[in-house]
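Biologist: I would like to learn how to read a protein model carefully, one feature at a time. Could we go through one together?

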Amino acid sequence: MRPLERELTRRGLLAGAGAAAFALSGMARAAQALELPPLLPDARSVRATMAAFADTIVPGPAGGADPDPGAIEAGALEEIYEPFYGVSPVFPLLHEDLQLATPRVLGRLTAFDLELPYDDRERVVIDRITATGDGGLDPLYVLYIGTATLVYLSYYGTARSDLGPRYIGFPPESDGYFPDHSHRVAFEGMTEDGNPP
């Protein structure tokens, strides 16, 4: 397990079905408590930072950290920008915070983007989560954890792609009864215990 996964798991991010509700309701309240910068969420620089953040949460080939498809390849960036969630207005704030923290944490002048090696991006994200983690009360902490939760939900939730479920081996190989079974298809004519009639 990577250090960032350990940190997020330790903080309970991946535990329980309440993660999605926490992400959305908590982020809305946190955003009201913070002054947002004048950047637009769709600004190229903000999107580049959010792409690097998503690839840090679930790494893949986009940032050179893992040969297996990650958040970017699964469409997580597009999903977290989906108006349904209503959280993209806080992305300029995360962008500014990550860009200011990166040189301080790494001790050199550099930007938080996909060109930055994964280990460096991970150090910066862990710093931002632990620096603001006062029991979940700091609004910036809520925004980081909420956005990370949405990245995970986007990757494993099949909203744009089924890469996450395939990565963990779901659906399992067919047992021969339904060779074309899929988690996306509602079976017709099955008995109550899930067997063919």
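Predicted model: local features only at pLDDT ≥ 70, side-chain atom pairs only at ≥ 80, totals over all residues.

The dialogue below moves from the overall fold to the core, the salt bridges and the helix packing.

Biologist: What share of the residues in the protein chain is buried?

Modeller: A residue is called buried under 20% relative accessible area, exposed over 50%, and partly exposed in between, using a 1.4 Å probe and protein chains only. Here buried residues make up 42% of the 197 residues in the protein chain. The chain exposes about 10,400 Å², with carbon and sulfur atoms supplying 55% of that area, as computed by the Shrake-Rupley method with a 1.4 Å probe, where for residues only the protein chains shown count as cover.

Biologist: Which residues of the largest nonpolar core touch the most other members?

Modeller: A nonpolar core is a set of buried Ala, Val, Leu, Ile, Met, Phe, Trp, Tyr and Cys residues joined through side-chain atoms within 4.5 Å. The largest one here has 40 residues, of which M50, F53, I80, F91 and F112 touch the most other members. At least two residues of this core come from each of helix 3 (44–57), helix 4 (76–80), helix 5 (91–106), helix 6 (118–131) and helix 7 (139–156), and helix 7 gives the most, with eleven residues.

Biologist: What does I80 touch, not counting residues up to four places away in sequence?

Modeller: A contact means heavy atoms within 4.5 Å. With those sequence neighbours left out, I80 touches M50, V87, F91, L150, V151 and S154. For the protein chain, residues 24 or more positions apart account for 63% of the contacts with a separation of 6 or more.

Biologist: How many salt bridges are there?

Modeller: Side chains of opposite charge can pair when their charged atoms come close. A salt bridge is counted when a side-chain nitrogen of Lys or Arg lies within 4 Å of a carboxyl oxygen of Asp or Glu, and by this rule the count comes to six. In one of them, D55 and R121 meet at 3.1 Å, N to O, and this pair links distant parts of the chain, with D55 in helix 3 and R121 in helix 6, 66 residues apart. D55 and R121 are both buried.

Biologist: Where do D97 and R128 lie, and why does their pair tie parts of the chain together?

Modeller: The closest N and O atoms of D97 and R128 are 2.7 Å apart in their salt bridge. D97 lies in helix 5 and R128 in helix 6, so the pair ties together parts that are 31 residues apart in sequence. D97 is buried, with a relative accessible area of 15%, and R128 counts as buried at 10%.

Biologist: Is R108 buried or partly exposed?

Modeller: R108 is partly exposed, with a relative accessible area of 38%, whereas its salt-bridge partner D120 counts as buried at 13%. Salt bridges that share partners also join D97, R104, D127 and R128 into one network.

Biologist: At what angle do the axes of helix 3 and helix 6 cross?

Modeller: Axes are lines fitted to C-alpha atoms, for helices over the stretch in contact, and angles run from 0 to 180 degrees between N-to-C directions. Angles under 35 degrees count as roughly parallel, over 145 as roughly antiparallel, 65 to 115 as roughly perpendicular, and the rest as oblique. The axes of helix 3 and helix 6 come within 10 Å and cross at roughly 95°, which makes helix 3 roughly perpendicular to helix 6. In this pairing, A52, F53, D55 and T56 of helix 3 meet Y118, R121, E122 and V125 of helix 6.

Biologist: Which residues of helix 5 and helix 7 meet?

Modeller: F91, L93, L94, D97 and L98 in helix 5 meet L140, L143, Y144 and T147 in helix 7. These two helices pack at an angle of about 105°, with their axes 11 Å apart, and are therefore roughly perpendicular to each other.

Methods: Residues numbered from 1 in each chain as written. Heavy atoms only, no water. Helix = DSSP H or I, 4+ residues; strand = E, 2+ residues; numbered from the N terminus.
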